[in-house]
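The exercises below are meant to be worked through with the sequence and the coordinates at hand. Try each task before reading its solution.

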Amino acid sequence: MGEHWGDGLIETVGTLDPVELREITGTSLVEQVYTLRVSAWRRFIHIPDSVRRWEDQEDAEARHWAFLAGDRPVAAARLSIHLHIDRVPDAEVYRNVVSELPAPIGSLNRCVVQSDFRGRELAPA
């Protein structure tokens, strides 16, 4: 369902305009992703009204990707690299599953999808 175009992959999602998957590391689009995280996650977890963006210490070193609708991110994820499982974001989730992994450990995390793009098969199997 996709075709290569420029730097990214173009997908037509339902009746929506096409979205493009692009690496956005080091661009101003990453800042928009910080805002998207808050607006998308606020429905599922408590985020104080005063919080407008979600950025953490891993963001500066991570690589970031986003699905773009026009010039705005509608879904995103980042890849962070760690030397120990305890340093992976949300490491407590893995404690009962795995205790040790050989380094480096790549973690795809902070996945977020804008609410009106959920269920639209942005990443079909």
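**Exercise 1.** Is R110 buried or exposed?

*Solution.* The model is a predicted one. Begin by placing the residue: R110 belongs to strand β6, which spans residues 105-113. Next, take its relative accessible area, which is 15%, and compare this with the cut-off, since buried means under 20%. R110 is therefore buried. Most residues other than glycine have a negative phi.

**Exercise 2.** Which residues does a cis peptide bond join, and where does P104 lie?

*Solution.* The bond in question links A103 and P104, with omega at about 0°. P104 sits in the loop between β5 (72-82) and β6 (105-113). Most peptide bonds are trans.

**Exercise 3.** Describe the protein as a whole, from its elements to its surface.

*Solution.* Counting elements gives 1 helix and 6 strands, and read from the N terminus their order is β-β-β-α-β-β-β. Turning to burial, 36% of the 125 residues count as buried. The accessible surface comes to about 8,200 Å², and carbon and sulfur atoms contribute 53% of this surface.

Conventions. Residues are numbered from 1 along each chain as its sequence is written. This is a predicted model: local features need pLDDT of at least 70, side-chain atom pairs count only at pLDDT 80 or more; totals for chains, interfaces and linings use all residues. Side-chain values use heavy atoms; hydrogens and water are left out. Helices (H or I, at least four residues) and strands (E, at least two) are DSSP runs, numbered from the N terminus. Buried means under 20% relative accessible area, exposed over 50%, partly exposed in between (1.4 Å probe, protein chains only). Accessible areas come from the Shrake-Rupley method with a 1.4 Å probe; for residues, only the protein chains shown count as cover.
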